[in-house]
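Please keep the sequence and the structure in view while reading.

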Amino acid sequence: ADPIWGPMGDYPPAMRRLYGDRLPNFTLEEKALLRGSADFFGLNHYGTAWAHYNEDHPGHDMAFIRLSEEGFQRAKSPWLFSAGWGLRKTLKYVSDRYGRPPIYVTEGGWSSGAMPPDEAVRDDTRVLYYANYTSEMRKAIYEDNVDLRGYFAWSLLDNFEWDHGYRERFGTTYNNFGWGLDQRSPLRKKSEPTAGVQWRRRKDSSCWFEAVWTQNSLVDPKGAGFTGCVDESVFAGSFRDDQRHEGCIWHMNVVRQKGRLGMGHTANILGGPRCFDGPALNRRVTAELSGGSIVADFSSAGGPAQLAGFWNTQKSGVDWAGGGFWKAIAQSA
């Protein structure tokens with residue numbers, strides 16, 4: 001980063017000697033344009049390794065080192081090993097070398113394997129990874145005087161990961177991709193993500209981040225104050241829907257039974273007479289549940305066939321796609 005953050009607008013002399021014409025040469029005008037041209041220092045950091053000097057092994061980057069990860073916990077990705085103090089040391093190095101610039105950690109995260117939702121959402125190793133890394137970032141700020149402004153966790157959702165496809169999952173939210181037929185796929189046509197049947201569920205790492213944000217402090221992931229995400233039982237009971245119709249009450253009965261989407265639980269929902277604009281042909285709707293996620297079929301009552309919602313812990317109710325909200329008013333025993 002010396003061309004941008006260093007005093008000369010160029011690579012260090014040692015790098016020039018080592019890499020020679022592999023590095024671009026800059027004119028005086030280009031050096032002036034490069035020097036100090038960034039608003040902040042963006043740093044991607046995932047894992048840490050031990051570096052051992054080896055004069056017989058220059059490597060493709062001419063670093064003359066061999067790496068080992070002895071003693072570090074490995075993620076599903078074979079290159080990712082957890083050591084939060086490695087991030088702290090890197091932040092301090094950048095801060096000291098470049099005169100304490102504002103720093104944003106623009107990527108960092110932990111991978112796990114593809115697994116069923118009830119297993120995937122209990123992502124203890126990811127929670128511990130984020131807890132350790134945020135703890136070390138706090139030390140960098142308050143003990144090392146690093147001007148660290150933000151941290152971006154990778155990632156919000158499970159997604160397609162480079163050459164490993166869907167086998168490695170970095171998301172803090174589980175994504176059921178709805179495997180099925182995709183005629184446009186060049187390979188594995190019968191095992192591709194399909195539209196109309198996908199659904200998502202928050203993992204414990206997502207709920208841990210929420211606890212940190214709402215409490216404005218680091219939360220011990222193994223302490224009594226953090227119990228993970230909610231389960232399907234929060235949906236059992238009655239809910240007020242005053243946003244659509246004043247005085248509208250919905251009653252939900254939850255059963256442990258898989259439905260069409262395979263979410264693990266189903267619910268029968270009965271709407272009160274004030275929940276409809278006119279005489280309803282069918283006041284009963286069905287839904288599927290998984291943890292704090294719900295997908296309801298309101299087509300029998302004149303609504304959408306697949307409306308997703310999520311449990312809002314702070315407001316004790318259901319946030320629906322499109323802006324609706326149901327407030328819990330009573331829970332079933």
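This is a predicted model: local features need pLDDT of at least 70, side-chain atom pairs count only at pLDDT 80 or more; totals for chains, interfaces and linings use all residues.

In which loop does aspartate 163 lie? Aspartate 163 is placed in the loop between strand 8 and strand 9 (168-169). Helices (H or I, at least four residues) and strands (E, at least two) are DSSP runs, numbered from the N terminus.

**Basis of the description**

Residues are numbered from 1 along each chain as its sequence is written.

**The protein as a whole**

Seven helices and 21 strands make up the secondary structure of the protein. Its radius of gyration is 26 Å, well over the 20 Å that the globule rule gives for 333 residues, so the protein is more spread out than a compact globule. This radius is taken over C-alpha atoms, and the globule rule is 2.2 Å times the number of residues to the power 0.38. Along the principal axes, the C-alpha atoms fill a box of roughly 80 × 50 × 45 Å.

Of the 333 residues, 44% count as buried. Buried means under 20% relative accessible area, exposed means over 50%, and partly exposed lies in between (1.4 Å probe, protein chains only). The accessible surface of the protein comes to about 18900 Å², and 53% of it belongs to carbon and sulfur atoms. Accessible areas come from the Shrake-Rupley method with a 1.4 Å probe; for residues, only the protein chains shown count as cover.

A contact means heavy atoms within 4.5 Å. Among contacts between residues at least 6 apart in sequence, 53% join residues at least 24 apart.

Aspartate 163 is exposed, with a relative accessible area of 65%.

Tryptophan 162 is placed in the loop between strand 8 and strand 9. Tryptophan 162 is exposed at a relative accessible area of 76%, and its phi is near 45°, a positive value in a residue other than glycine. Serine 155 also belongs to the loop between strand 8 and strand 9. A cis peptide bond, with omega of about 5°, joins tryptophan 154 and serine 155. Most residues other than glycine have a negative phi, and most peptide bonds are trans.

The expected span of a helix is 1.5 Å times one less than its number of residues.

| Helix | Residues | Span, first to last C-alpha | Expected span |
|---|---|---|---|
| Helix 4 (84-97) | 14 residues | 20 Å | 20 Å |
| Helix 7 | twelve residues | 16 Å | 16 Å |

In helix 4, the buried residues are Gly84, Gly86, Leu87, Arg88, Leu91, Val94 and Ser95. They pack against strand 1 (41-44), strand 5 (81-82), strand 6 (103-107), helix 6 (124-142) and strand 8 (148-151). Just after helix 4, glycine 99 takes a positive phi of about 75°.

The buried residues of helix 6 include Arg126, Val127, Tyr130 and Met137. An α-helix has 3.6 residues a turn, so residues three or four places apart point the same way.

How many of the twelve residues of helix 7 are buried? Nine are buried, so helix 7 is largely enclosed by the rest of the structure. Among them are Asp204, Ser205, Cys207, Trp208 and Phe209. Helix 6 and strand 13 (199-202) are included in what covers the buried residues of helix 7.

Serine 205 is found in helix 7 and counts as buried at 0% relative accessibility. Not counting residues up to four places away in sequence, serine 205 touches Asp123, Arg126, Val127, Tyr130 and Thr172.

Just after helix 7, asparagine 216 takes a positive phi of about 55°. Asparagine 216 lies in the loop between helix 7 (204-215) and strand 14 (237-240). Is asparagine 216 buried or exposed? Asparagine 216 is exposed, with a relative accessible area of 70%.

Conventions:
Side-chain values use heavy atoms; hydrogens and water are left out.
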